[in-house]
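User: I would like to know what stands behind the labels used for this model. Please set each value against its definition.

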Amino acid sequence: MLPRARAALATAALIVIAGISVSAVSASPTAHSQNVLTPLTALDAQILERINAERAQRGLAPLHLSRRLRAGASFHSYEMARAGFFSHASLDGTPCPARLARFYRSAGFSHWKVAETLLWDSGALDAGSAVRGWMTSPEHRSILLDPGLRDVGISAVRASAASGTFQGAAATLVTADFGARYR
């Protein structure tokens with residue numbers, strides 16, 4: 001990450017199989033100035049490109065963009081940006097696997113696996129910085145390079161004045177949801 005940027009990676013990356021729970025960490029939203037949320041779809045695509053480049057360097061198959069995982073990632077990035085919290089669990093305490101199961105269903109599959117990486121940065125975030133940050137964390141790196149994961153959905157959102165954890169400052173939040181399903 002850039003030395004001048006204040007950045008926080010999730011304290012632990014999360015690889016989950018249905019049924020594992022994660023405790024919620026949330027902050028109540030406050031009504032400061034208006035928090036304008038802007039999707040960063042170009043950043044989403046650039047992050048996927050960088051992740052797949054890391055995988056290719058190691059002989060791993062590329063991840064395929066999943067509309068369902070993208071919807072789950074978008075839901076979570078926007079929820080965190082609106083409510084001012086940073087956690088793998090949803091604001092209402094729903095664990096990551098249960099949240100993702102609403103978007104990336106396990107029914108009809110003999111194997112279902114999901115994982116999630118999160119990132120937030122108050123500065124200007126680029127795809128290279130995001131992926132380098134994840135690659136320097138053993139937990140995040142193991143998710144990005146997991147050969148068993150096939151699909152990904154990424155959602156980067158810029159909040160102009162995020163409350164709670166972000167103390168009313170601007171913040172870019174990135175959720176990357178990974179998955180694999182086999183019949």
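Analyst: Buried means under 20% relative accessible area, exposed means over 50%, and partly exposed lies in between (1.4 Å probe, protein chains only). Helices (H or I, at least four residues) and strands (E, at least two) are DSSP runs, numbered from the N terminus. The model is predicted, so local features need pLDDT of at least 70 and side-chain atom pairs count only at pLDDT 80 or more, while totals for chains, interfaces and linings use all residues. Residues are numbered from 1 along each chain as its sequence is written, and side-chain values use heavy atoms, with hydrogens and water left out.

User: Which residues of H1 are buried?

Analyst: Leu43, Asp44, Ile47, Leu48, Ile51, Asn52, Glu54 and Arg55 are the buried residues of H1. An α-helix has 3.6 residues a turn, so residues three or four places apart point the same way. Contact means heavy atoms within 4.5 Å. The cover over the buried residues of H1 includes strands S4 (64–65), S6 (151–162) and S7 (169–182), along with helices H2 (67–83), H4 (127–135) and H5 (138–144).

User: Why is Ser106 called partly exposed?

Analyst: Ser106 has 32% relative accessibility, so it counts as partly exposed. Ser106 sits in the loop between helix H3 (96–103) and strand S5 (111–121). Its C-alpha is 9.6 Å from that of Ala180, 74 residues away along the chain.

User: What makes H2 oblique to H3?

Analyst: Axes are lines fitted to C-alpha atoms, for helices over the stretch in contact, and angles run from 0 to 180 degrees between N-to-C directions. Angles under 35 degrees count as roughly parallel, over 145 as roughly antiparallel, 65 to 115 as roughly perpendicular and the rest as oblique. H2 and H3 pack at about 130°, with axes 8 Å apart. The pair is therefore oblique. On the H2 side the contact includes Arg68, Leu69 and Phe75, and on the H3 side Arg99 and Phe103 are among the residues involved.

User: How many helices and strands are there in the protein?

Analyst: The protein has 5 helices and 7 strands, in the order β-β-β-α-β-α-α-β-α-α-β-β along the sequence. Of its 183 residues, 50% are buried.
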